[in-house]
Amino acid sequence: MHWIRACSVDELDDGDALQLSTVPPVAIFKVDGEYYALDDTCTHGQSSLADGYVDGDQVECAWHFAKFDIKSGAVLTPPASIPLCTHKVRIDGEDVMVAIRDRAQSASGAT
Amino acid sequence: MIPREPSCTIVGASAAGVSAAIEMRRGGFTGSVVIVDSDPHLPYERPPLSKTLFGSAGQELVPIYPTETYSDLGIDLRVGQRALELDIANRRVRTGDGEVIPSDIVVLATGLAARRLDVAGSVAPNVLTLRDAADAQALSLFVKSGGPLVIVGAGFIGLEMASVAREHGVDVTVVEASPYPLSHSVGPVVASFLIDLHREQGVKFVLGATVTELTGTAHAAEQVWLSDGQGLDASAIVVGVGAEPNLELARNAGVHTDPTGIVVDHLGQTNIPNVFAAGDVAVREHSDLLRPSRIEHWDSSVRHGSAVGATIAGSPTTVSEPIYAWSDQYGSTLQIVGRVHPTDQFVLRDGANPAQFLGYWIRDGRIGAAAGLGASREIAVLKRMISQKLPVSPEELRDRDVDLRRSIKSSRSVT
């Protein structure tokens, strides 16, 4: 696990998202003033969830409309059935920092 | 006397059929639920069939749900069994194995069969269509053995197969009777972007031409002859010229059909009580459609199946979401939401090119439909603008600097 800077604290409005070009990519969401980090790639298709539609604390995948809970990564609506991996977030002064899981050994990512 | 729990039989282990079964259980239906399908595989997703190549063992098929989901929910999956007869008077379904399944409630999700070319030489084994896993496996073998491949019909299946074949380095010519591809789904502007996208990848098009004859040996068609007189060499021919509804079971049971499908009401009910039809075989009303029609898209089938399942479980449900289709081509996703009507005004967002574009069809001051490539962020917003019938300005839609997501959220806070 290693911390990286995602953005500055005032970069996103509520309901906005940002894709980090990590491998695999991670998405940062802002919900009710709080930041959350999840794997960016939908567990059903290959779409970016940062491109999805955010409604409250849910994000809907842009391709096939699976919905996930942004806070927990849980699947709320098919066609996805596998939850999203979540990542720790902390605010460091003006910076939003994300703890990226080191997944070199587990290629599946679904740990 | 305690009434017996009702039994339900779903004919078709498709997106619609499986969704109906799952939703029935989710809605608290406690009677028996049986899914019958002649296809022997665990129910699988069909969209990937035209988007990749398959081996012969079927191991790459994408299951709709894992086996445990069916056993956990008490859904009796009878794959590899063909439903032969729907016996309305006795409320049962008879299968090819001679089995008789009690069926107080029936869901017909019998789907469609590929339309075939009606020309001389078209029954050769290398003239292929694509609807199911077996078709995909046969087609993959031919594509892997090299070209030239002739694809008849520039619809979703034709264009996706062209993309897959080009990605495998196979020579591809697409023959289309209309002047442009996807003629029923997008207008000429979007179509021209798609033609350019495919041409850049080396696909050849013959537009406005039909196939008149296939010639070759008894074992293989080798030349495709066209209405403009030219002949194309082919090692295999993929025919993607639409589909016909599987109506035999319904018709023989007296279920009301028309030539295009099984006619249902807003809840998926046929003329016969407790007999429903779901998915692409159903002819139904939808706010995006000018008249009741089939809707041949995965998303619509899942939603319709789920709605029918919910209705059977006691919560009458009608599909209200806009019609949605996507198509994967060369790593990009074409998305179409809503339905284009002939009188719509077309607006193209500035900066469009064959690799990325967004177009809208304006109807009565609101968006009737939209199509985009590499524009999934916007499509998600447009789906909501269509279903909420939000008034729009063509100028704002054309301006690529206008963030649609902000405009929908601000209009929501105003109303």
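1. Helices (H or I, at least four residues) and strands (E, at least two) are DSSP runs, numbered from the N terminus. The model is predicted: local features need pLDDT of at least 70, side-chain atom pairs count only at pLDDT 80 or more, and totals for chains, interfaces and linings use all residues. Residues are numbered from 1 along each chain as its sequence is written, while chains are lettered from A and ligands numbered from 1 in the order in which they are written.

2. Confidence in chain A. The pLDDT, the predictor's confidence in each residue from 0 to 100, averages 86 over chain A, and 93% of the residues score at least 70. Residues 105-111 of chain A are the stretch to treat separately: the pLDDT there is below 50, and beyond near neighbours in sequence the stretch has five contacts in the model. Two residues are in contact if their C-beta atoms, placed from the backbone, lie within 7 Å.

3. Overall form of chain A. The chain has zero helices and eleven strands. Its radius of gyration is 13 Å, close to the 13 Å that the globule rule gives for 111 residues, so chain A is as compact as a globular protein of that length. The radius is taken over C-alpha atoms, and the rule is 2.2 Å times the number of residues to the power 0.38. Along the principal axes, the C-alpha atoms of chain A fill a box of roughly 40 × 35 × 20 Å. Of its 111 residues, 34% are buried. A residue is buried if 20 or more other C-beta atoms lie within 10 Å of its own, exposed if 12 or fewer, and partly exposed in between, with C-beta atoms placed from the backbone. Among contacts in chain A with a separation of 6 or more, 39% join residues 24 or more positions apart.

4. A sheet in chain A. Four strands, in the order S2-S3-S4-S9, form an open sheet with antiparallel pairing. Strands S2 (17-20) and S9 (86-87) of chain A are the edges, each pairing on one side only. Two strands pair if DSSP finds at least two bridges between them; S2(A) and S3(A) (residues 26-31) have four, in the antiparallel sense. Leu20(A) has Val26(A) in S3(A) as its bridge partner.

5. Overall form of chain B. This chain has ten helices and 26 strands. The radius of gyration is 23 Å, close to the 22 Å given by the globule rule for 415 residues, so chain B is as compact as a globular protein of that length. Its C-alpha trace spans about 70 × 70 × 35 Å along the principal axes. Buried residues make up 47% of the 415. Of the contacts in chain B with a separation of 6 or more, 63% are between residues 24 or more positions apart.

6. Helix H4 of chain B. H4(B) covers residues 156-167; at 1.5 Å a residue its twelve residues should span 16 Å, and the end C-alpha atoms are 17 Å apart, which agrees. The expected span is 1.5 Å times one less than the number of residues. Ten of the twelve residues are buried, so H4(B) is largely enclosed by the rest of the structure. Among the buried residues are Phe156(B), Glu160(B), Met161(B) and Ala165(B). The buried residues of H4(B) pack against elements of chain B including helix H3 (133-144), strand S10 (149-152), strand S11 (172-176) and helix H5 (188-200). Just after H4(B), Gly169(B) takes a positive phi of about 75°.

7. Strand S11 of chain B. Five of the five residues of S11(B) are buried. Val172(B), Val174(B) and Glu176(B) point one way from the strand, and Thr173(B) and Val175(B) the other way. S10(B) and S11(B) pair in the parallel sense over four bridges, and Val152(B) has Val175(B) in S11(B) as its bridge partner.

8. The contact between the chains. Nine residues from chain A and nine residues from chain B take part. The chain A side has four nonpolar, three polar and two charged residues. Here Ala, Val, Leu, Ile, Met, Phe, Trp, Tyr, Cys and Pro count as nonpolar, Asp, Glu, Lys and Arg as charged, and the others, Gly among them, as polar.

9. Ser376(B). This residue is found in helix H8 (residues 376-387) of chain B. Ser376(B) counts as buried because 20 C-beta neighbours lie inside 10 Å. Not counting residues up to four places away in sequence, Ser376(B) touches Ser47(A), Asp51(A), Ala62(A), Trp63(A), Thr333(B) and Gln335(B). The C-alpha atoms of Ser376(B) and Glu285(B), 91 residues apart along the chain, are separated by 27 Å.
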